[in-house]
Every structure is written in C-alpha cells, then in structure tokens.
Amino acid sequence: MKIDPDYNCPFNSDHTPFGDVVLSSRARLARNLEGFPFVNRSTTSDCIEVTSLLSQICTKNNSNLQLKWIEMDELDSVTTEMFVERHLISSSLAHAIHPCAIAVGPELSRSVMVNEEDHIRIQSIRPGLQLTDVRDDVHQLDLLVEEIISYAFDDQLGFLTACPTNLGTGARFSVMVHLPGLRLVKDLERVRRACEGMSLAIRGYRGEGSGTMADLYQVSNQITLGNTEEQLCNILSEDFLPPVIEWERKARMTIAKEQSQRLDDQTFRSLGLLQNARILTPEEAMNNLGNIRLGISLDRIDTIEISTVNQLLIEIHPGHLRWKYGKELDDDELNTRRADLIREKLGQ
Amino acid sequence: MTSCDHCDKPAIYHDVRIANGVHNTTHLCAEHAMEAGVSLGPIDLSVVLHSTENAISGDISKACPDCGMTVAQYKKTSLLGCPSCYQTFSDELNSIITQVQNNNTQHIGRAPAQASVDLTRHLQIRRLLKKLESAVSQEEYEQAAILRDKLRELHTSGEPNEN
Ligand SMILES: [Zn+2]
Ligand SMILES: [Zn+2]
C-alpha cells in the first residue's frame, strides 16, 4: 500500500451537502477484550498478545477492507506525525512506549488503533456531513473483530472501557464545523449553549498550545451511555447541525449585506498576505485560510476553489510538510515551505 | 463568582494545572473559552474525574481481585484496571458514572454478537494457569483455590471435549 496524504483529504467537503459549514465527520468506537487487563495495567506481554491477536484479525482475508497493519515502533516519525494530523492515530498512541499498533485503510480514512487507552479504538473520518457513513464504517470493522474475539461487555454498562466516560456504546461521533460568520456577529455563545443543552462538547481546533484556529470547531457527544449509536449520531445530525448551519449561513449573509466593506477588507487582506508572505507560522496560515474560505463562500473571491483551501487546512501542518519536503526540516524551514506551498496553490 | 482572566464577564471554564509544585489556575468566560479552543460541555469532566475526593470514599486500599488495582490508584489516573474493576468498585463508581454520563445508567445500544472462534477464552485459561502457578509457588493457597475454581468454571463453560 502506498500512503499518499494528497489523496482523499478529510476536509474536502466541497461537493458534500452543507460542505460550506461542515468540513468533516468522524466516528470512534472504544472496545476492550475480555480476559485481559486494560492497557494501563497491561504488562508488555499482555500488550504483545493483544497486538498479535488484532493483527491476525485485521489482516485476515478481508478483501473489501484492505487494512494495512503497522506496528507503531516500525512507523517512521514523519508518517506518525502525519497520521496524528489526520486523526488516524492519537498523539498519545504516537508517543506510547508500550507495544501498540494501527491498522489503516488505504484511503487514509479508516483506522484501528490497538493498545491506546483501550485495547481497540475503531475510527472513520470522511469529508463533509457523512455521519451515517462513518457510523457504518466503524460498525463494519466492529463486526469483523467481534466475530472472532469476545469484547468486555456488561448488560447494564455496555462496552467496558478504561475510562467511565466511554461506557455504554463506546461511541464518539463528531463533526468539524467552520463558524467564521457566528464569530463576526458575536453569536458563538449561542452555539455553546446549544451544545450544553444537547449534552454535546465543543472545542476549538487548535495547534500546539495556541487558541482556536481558522474558526474551526469540533463538536461531539459527551455522553456515551443510555443512548443507542443511532440516537447519539442523530443528536448531531438532526438536533444540533440544522439550526447551527442555518445560524452560520444567516450570519454570513448578514455580514455580506451589512458589513461588506469589513468583509472585503478581511478577505483581501488575508489573500494578499497568503499570496505574498515568505514565512508563515501554522496559526497565521490557518487563520488567514479561514478568512479566505469565508470570502469564497460569499463569492468575494472566484479565482480560488474552496477545495484548494480545504486541502491546505490539512496540508500545511508540520507532519504533512515534512512528509512532502523532507523529514529534517526544522520549524523555521517549515514556515518557509508552508508559505511557498500556499503561494503556489493560491497563485494569482 | 469568579470572573474571566481576560475580561470582567463571569467565568464558565475553570482549570487547575500543577507544574513544578505551582498551581496554575485558568478562568475563562464563554467567549474567551471558545477563543482559547478549550473543551466545553454540560459536564465538567476534569472536575468530576479529577476531584473525586468526595465521590469515592471508604476503603481506598480495596483492590480488584483480577488486576490488583486499588481505589487509591484509580483516584490518581481516573482509569479502571480491567473489566472486573467495574464489579469490584461498583459502589464507588456509581456516582461518577451517573455524573459523567448525565444520569444515564443503563446501556441501550448494540450488544456484541457471540464470537464464533472464542480465542479469548483460551487466553483467559492461559492467564489463569500462569497466575495459579505463581500463587502455588508463593504458597498463597487461598488465592490458588480461587483461581482453580475459576479455571474449572471456564472449562465447563467451554466445549465439552476441550481442556
Ligand atoms: Zn473573558
Ligand atoms: Zn480490575
């Protein structure tokens, strides 16, 4: 399998419904094997037994899944970093020192993490609003595993997980949403309150230590017990997203109508900066790309495809740049490469 | 009422980090919390999971018979040690589960199908045998008897012509 991060960008929402607001959808299932201690109390030999069991399952004759099995200690640091940026693995798995592994689909959207906080974390990420599809993806992988081994399960508590916050379904569904309009009209508080009322958690998309970048927010179910997988999914797709998408679209229209000068200034200031800068930090690049994305969605810019911007929101991260231009690059060199790549893609 | 570190509005997000013995507290209003990108939701997980002093009381040396984890250790990590811990510490965990799961206590989602090739049972037997060996060698006969019963149970629950 050739790993190509240029292929199938998880943010490429341009042809999906509501892709102007929803960039990507994710699902994750937490599972543990019966008869083993959880990972935090596993010995090295427990971890090895679990990985070898899972490697048999993930690589057995499953032609339609085509998962590639990779032991984490065999994965080079750049690909590891790139996988973290695409949410295929968590950063705690990337830094783990115990035996752990990942099975990943060739399209880089499905993955099975082995020996993360739980023995098994099944994941899928797709561009745009595709919650039903990612739910099906993880369900399919779930069936593949449970056909062969017994999960730790309790009739009352559901799937037993190392942390009580994942009990029950073990399922976490999330969407990445772009909310620049609501920030500009100062109405993000409404979104936060909506989350609170629906037992959803919201957090800004952020780099290392910095604040929310590019007005991107990730929203996910906070509870996992007492609802079916479908119900948890529907809280996002039926209760939360329809009003929020409407608020965001309305806010964007309001800005276009009532603050068009400010919008133009923000859009073309960002465009000028990105088309000319020679050094760009991740934060500066992300925030200005977010502004351009808003400008494109309001027809202020017609020379740049929104898919180009969506792709850049992933490609400009350090792991992706190192993967493309060389693993030795330090932060200063990355800032230069980032600016070069953006100039090339947003060329006049 | 605490106000935000950056403005006068009431804080809705509170965080305490201890680094090198120094407490770093953060209080943010809704707006500044959204800007900072911190995780916000109806349940303050860091409060529920990390200040469990009140939630978990009683004997902190109580240990799980399967993995050896104690209440004291759970308090440090907020992670259980094995599936049996949920039974062992059910009294202690009750209020935590109720809080983090927003008063839900009964699973209604899907249940796993019966595995057709039950590799786990074989492994379980192997693990118990290992434990039994070490219990006998350390002359912990009481523990050994418990393990032997468990093994017997596992054998009878499996296919009749297997051992
Ligand atoms: Zn504030
Ligand atoms: Zn235990």
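Hi everyone, let's start with the sheet in chain A: eight strands make an open, antiparallel sheet, ordered S2-S3-S4-S5-S1-S8-S10-S9. Strands here are DSSP runs of E with at least two residues, helices are runs of H or I with at least four residues, both numbered from the N terminus, and two strands pair if DSSP finds at least two bridges between them. At the edges stand S2 (68-71) and S9 (200-206) of chain A, each with a single partner strand, so one side of each has no neighbour in the sheet. From one strand to the next, the twist averages 20°.

Before I go on, a word on the source: this is a predicted model, where local features need pLDDT of at least 70 and side-chain atom pairs count only at pLDDT 80 or more, while totals for chains, interfaces and linings use all residues. Residues are numbered from 1 along each chain as its sequence is written, chains are lettered from A and ligands numbered from 1 in the order in which they are written, and side-chain values use heavy atoms, leaving out hydrogens and water.

Now, inside the sheet, S1 (residues 22-31) and S5 (residues 120-127) of chain A run antiparallel and are joined by 8 bridges. In one of these strands, S5(A), Arg121(A) is the bridge partner of Ala30(A).

What lies across the strands? Helix H6 (residues 188-197) of chain A lies across S9 and S10 (212-221), at about 135° to S9(A). Helix H7 (residues 229-258) of chain A lies across S1, S8 (171-178), S9 and S10, and runs at about 10° to S8(A). Those angles run from 0 to 180 degrees between N-to-C directions, with axes fitted to C-alpha atoms, for helices over the stretch in contact; contact means heavy atoms within 4.5 Å.

Stepping back, chain A has 12 helices and 10 strands. Its C-alpha atoms fill a box of roughly 65 × 45 × 35 Å along the principal axes. Of the 348 residues in chain A, 62% are buried, meaning under 20% relative accessible area with a 1.4 Å probe, protein chains only.

Finally, chain B: Cys4(B) is buried, at 6% relative accessible area, and Cys67(B) is buried too, at 15%.

Methods: Buried means under 20% relative accessible area, exposed over 50%, partly exposed in between (1.4 Å probe, protein chains only).
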